[in-house]
Number of protein chains: 4
Amino acid sequence: MVSFESDYNNGAVPEILERLAKTNDERSSGYGYDRYTESAAKKIALECGLDTVEVSFLVGGTQTNMAVIDSLLLGCQGVICCDTGHIAVHESGAVESCGHKVIALPGKDSKLEAQTLENYLEGFEADETCLHQVQPGMVYISFPTEAGMLYSKSELDAIYKVCKKHGLYLYIDGARLGYALMAPGNDVTLKHLASHCDVFYIGGTKVGALFGEAVVFTNTRAPKFFFTEIKRHGALLAKGRLLGLQFDTLFTDGLYYTISKHAIDCAMQLREIFKKHGFEFGIDSPTNQQFVILTKDQRKALSKKLAFELWSPLEGEKLLCRFVTSWATTAEDLKTLDEALGAL
Amino acid sequence: MVSFESDYNNGAVPEILERLAKTNDERSSGYGYDRYTESAAKKIALECGLDTVEVSFLVGGTQTNMAVIDSLLLGCQGVICCDTGHIAVHESGAVESCGHKVIALPGKDSKLEAQTLENYLEGFEADETCLHQVQPGMVYISFPTEAGMLYSKSELDAIYKVCKKHGLYLYIDGARLGYALMAPGNDVTLKHLASHCDVFYIGGTKVGALFGEAVVFTNTRAPKFFFTEIKRHGALLAKGRLLGLQFDTLFTDGLYYTISKHAIDCAMQLREIFKKHGFEFGIDSPTNQQFVILTKDQRKALSKKLAFELWSPLEGEKLLCRFVTSWATTAEDLKTLDEALGAL
Amino acid sequence: MVSFESDYNNGAVPEILERLAKTNDERSSGYGYDRYTESAAKKIALECGLDTVEVSFLVGGTQTNMAVIDSLLLGCQGVICCDTGHIAVHESGAVESCGHKVIALPGKDSKLEAQTLENYLEGFEADETCLHQVQPGMVYISFPTEAGMLYSKSELDAIYKVCKKHGLYLYIDGARLGYALMAPGNDVTLKHLASHCDVFYIGGTKVGALFGEAVVFTNTRAPKFFFTEIKRHGALLAKGRLLGLQFDTLFTDGLYYTISKHAIDCAMQLREIFKKHGFEFGIDSPTNQQFVILTKDQRKALSKKLAFELWSPLEGEKLLCRFVTSWATTAEDLKTLDEALGAL
Amino acid sequence: MVSFESDYNNGAVPEILERLAKTNDERSSGYGYDRYTESAAKKIALECGLDTVEVSFLVGGTQTNMAVIDSLLLGCQGVICCDTGHIAVHESGAVESCGHKVIALPGKDSKLEAQTLENYLEGFEADETCLHQVQPGMVYISFPTEAGMLYSKSELDAIYKVCKKHGLYLYIDGARLGYALMAPGNDVTLKHLASHCDVFYIGGTKVGALFGEAVVFTNTRAPKFFFTEIKRHGALLAKGRLLGLQFDTLFTDGLYYTISKHAIDCAMQLREIFKKHGFEFGIDSPTNQQFVILTKDQRKALSKKLAFELWSPLEGEKLLCRFVTSWATTAEDLKTLDEALGAL
């Protein structure tokens, strides 16, 4: 079955698999003390325009969020995010399991607005009972958001400005970062991002790797003992080489961008196909996640040939369904979609 | 350089890499909802002689220990282990990060003795202040232990008996389980193990897989919401297929045993080589970790050709050094060792 | 200065102080193993119509909420409350510090509605990603609410019914319970309450005691090791006698009700005084907290003679201010208020 | 029955009860924002010779230990203490409930020795796997210890020197501080203590107050948001006035010292009485806890007239029993003891 179910329904880019095979007989020290990890970290720091190399590699997004957030916050501090933020909704309370409240503010189109943030912080600071409340210590945003939306350069800068004004860290979840960077209309570069937040991660799991996320602290902001914190959160991979090698491959010859661009191209073609067949979109995403309005019958019929997710029920018999492309999407996949829509 | 540094200094058995490559273009649902994971779980349950299939796959040992221990214990309960237990020493306080005390009892040869456990529990229960203390809720042992030692069938049974008498769970860390099962003198089978504890895990990371540990709850003992607990501990792999596929491969045609046996054979040859050259062992391990006494000069000289770990300093100029074999150790590796020792 | 600032701006009812003085030279075992505590627990269980005596005494509300919630929930479970709930807003993240998410649902007049709860739970259970989310494990409501409002018998029953349908605990925070029980229009008795929830606490700090809250588990619902859990949360008072003696006093000859009734009578007189002077109320509370709309100038002028809290800014120059009566409010206090309003 | 069971088997010094009664009708702001608390904090800072007033008041010892330790440590840091330390043994895992390991080192006579500490830290730092372990972040000692022993000035200074050398906080649990300061042979003053650690607490619960402990951070070492941390740990007393008033009383006209001296005098008389009757001591404590060796028969006989605790069984039929004096011990109590011993 052709699957538009997610961007982690696949394996890895061939370059990674080949290199895994080629280096399988090598021996290396564990826990990231290997030459691939060292090389990958340097390449990423360079790509981000950073003077210091404070790059760590973890296996997945939730564990990365836990380790980063818990390492930077004081006990009584919480992390602010948009009400649709991944840490607020889909991580089974991982951040709370570390003792920190997730303070969810109402978003607009799955994005946190600088003004909403500023209003909240002003209100908090003016509240005479604020010392009886969770102290805001960090802002978490996703780029792109969980619904595939983008922050513009000016929106990002405005948020960072509010963070700095109020003494909060800004942390950017880049689980699908490549797909944002390559999206039409995007004006945020990796270098710009790295100079407008305190820490972010570059997603590998959803962008070409078997698994892996690269955490980047920007210029001396890495917390003390971050290595130990990773271990303490159960997030230290014994064969660290596997992470280093994958990211070294992704950040060689611009592979990370090339494959991200491919996914975006596929997403734009997918949009056109849906439009051609008269479908409408519930969210107007410029990235690799596309949100199409289907009837229940259409969903049922399409599900025989295609895998995709129900995002949310809409009014009446309508459903908002998510179709996701990735570096692995093929022309054949899109053709099958086109035919399936035509056959409805 | 030839490395006896660890059993995670390598890649994966070729069968796994080949299968990863062969299935790379397949599409599958995430988080373990794929046919490989289902197949692997069934095979393992069958191999363990269990009627129910309560098998989960996680990436690494520390996160597995956190998720299992925290899911089974009440808040005020702690986990008892030997003072050399991995959770007590080398997990950066991961268990404590979940709120539970690790109660370390003195071990003998890196093993917890049933009598030590019984004495502790009797003393605890007789103590009038015991309700002001951490309640013992679980016993954790490693098989083989962190120093490569084995529990015999009767030793294991005695511990489990004490656990049941006092209402404690028994959890067995099998990070190197294959190497125990195949060790000379071992009389514990996988089926016996599965019927003499509440939960254990079968290590993949150190036994043939790129990464991965298979948690097995024995007959309806899996805690409610264990899937959600895994996620909450940041330990849920998006591409669960990778774990399922690796364990399905390891538990097809007895591969897990074959490769474990190979590592043990290599370890026994390594012992003979060291003995031939007049070296003595600080710990008399029957498994894949061997602990050799070297002088500082010998260590220095050998380190030019071989990678291995310092385990602990001994009296005088002596050092206890660890040499580890694995499924990946070659005859060539052993020959290099022999020559290096001969050249001292 | 006359203070309507809070109901914990005072000392204790004279009966308690006298008894403390009278028993000061007695010697008793610590941690609640004394005859006053035993007596108080029995009286409370009797008053609640319970067959079993599962009553524990803690010092304050936040620690009580932590200990109760954390002892009943599994790790991955969260507690649902109204968005104005004390645990959601004014406890500095104490519940999250124990690892549990506070799931805040929109309330109506500071109350959680059964239908809101039912809708949330139905939506949750229908959500295909629900195992990736925090599992709802408990509902927390306050009676009276943080804004002085009451649940009627039928509202309470409806909530409990939803809880039982979905397998959730119902926990009632009774920090000001006496003031609810004695409020005009209230139809919930202590016995009814005790038979329509799993656990609740009877507030002493705000109702006549120097400090203290009595936790009541209803008929065999007390979690295992609750004594140890109290200690583990730092909430076990060494001189437990102090708590037992206070509650024994409050639950002798209906003192708890008498003093609560006095506070309510004062609150009703306070309402009349404000009304007489033409003031309006922002919240129509039937209990001891009254919420009056003042201009900024009025607030400033009144603050010279009276202590009271700003509750929240309103539109324009208006402010919502809180005036609180208690068992300790005097006719003199009310007279001063009347004069101060007259002098505006 | 005459009780030597503990130093918290009593009420409060009459001065406190009287003042509570006298001020019962006053109105004050909550949470420590009252003039008694302000006054007490200033008096204590002055008494400690500190330039800054960083004094907070909590209700009990365990919650104080949790709040202080958790507020100062980073997540992956643990606290070192003697194996008989209160936090290691008798707090139900409260420190671990905040995520931190208690690293118990072998003590001598219930004391941690500077050399033991130095050896541990040197060993830790030299261990190549130290980043996989819990990072030592603080040293916790009790003065007097749980078994009534004292650190001399030079012992204390040596420990603090090791702490500073390795970058660790030194925290002193002074649950019975008064009894140490007034003990024969003690050469540590409050001022000396305050200048040789980072934080300590002055116990009230066991020294004259109904309850309460005063946490003193020494010169600008109070962590950010300590007020909020207290609340977050459920340890903020609503009627903070009660704590302030008690400590203000204890630190007026040297009352804290006078009553402590009384307890010590009684302890010395108690020693003489036991000696006169031919009893021996298992621990040679110079403070208010005395540890007498009894036979089981003697214990049984004495228990009819006196309350006291079994500390630990000894070899044969012998038992080590604890007899505790306090500010509340009377000449009559001692006379009863003398007679009871005589009647054996």
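Guide: In chain B, helix 2 and helix 11 cross with left-handed sense. Left-handed is when the near helix is turned anticlockwise from the far one by less than a right angle; clockwise is right-handed. Helices here are DSSP runs of H or I, at least four residues, numbered from the N terminus.

Visitor: Before we go on, what kind of model is this?

Guide: A predicted model: local features need pLDDT of at least 70, side-chain atom pairs count only at pLDDT 80 or more, and totals for chains, interfaces and linings use all residues. Residues are numbered from 1 along each chain as its sequence is written, with chains lettered from A and ligands numbered from 1 in the order written.

Visitor: Fine. At what angle do helix 2 and helix 11 of chain B pack?

Guide: About 40°, with the axes 7 Å apart. Helix 2 spans residues 35-47 and helix 11 spans 241-250. Axes are lines fitted to C-alpha atoms over the stretch in contact, and angles run from 0 to 180 degrees between N-to-C directions.

Visitor: Which residues in helix 2 of chain B meet helix 11?

Guide: B:Tyr36, B:Thr37, B:Ser39, B:Ala40, B:Lys43 and B:Ile44. Across from them in helix 11 of chain B are B:Arg241, B:Leu243, B:Gly244, B:Leu245, B:Phe247 and B:Asp248. Contact means C-beta atoms, placed from the backbone, within 7 Å.

Visitor: And by class?

Guide: The contact of helix 2 with helix 11 of chain B has 6 nonpolar, 3 polar and 3 charged residues. Ala, Val, Leu, Ile, Met, Phe, Trp, Tyr, Cys and Pro count as nonpolar; Asp, Glu, Lys and Arg as charged; the others, Gly among them, as polar.

Visitor: New topic. How many residues does each of chains A and B give to their contact?

Guide: Chain A gives 43 and chain B gives 43. On the chain A side, the elements giving two or more residues are helix 1 (14-22), helix 3 (61-72), helix 5 (94-97) and helix 10 (226-232). That side of chain A divides into 16 nonpolar, 20 polar and 7 charged residues.

Visitor: What about chains C and D?

Guide: A rotation of 180° with 0.0 Å of shift along its axis superposes chain D on chain C, RMSD 0.0 Å.

Technical notes
Two residues are in contact if their C-beta atoms, placed from the backbone, lie within 7 Å. Copies are superposed by least squares on the C-alpha atoms of residues with pLDDT of at least 70 in both.
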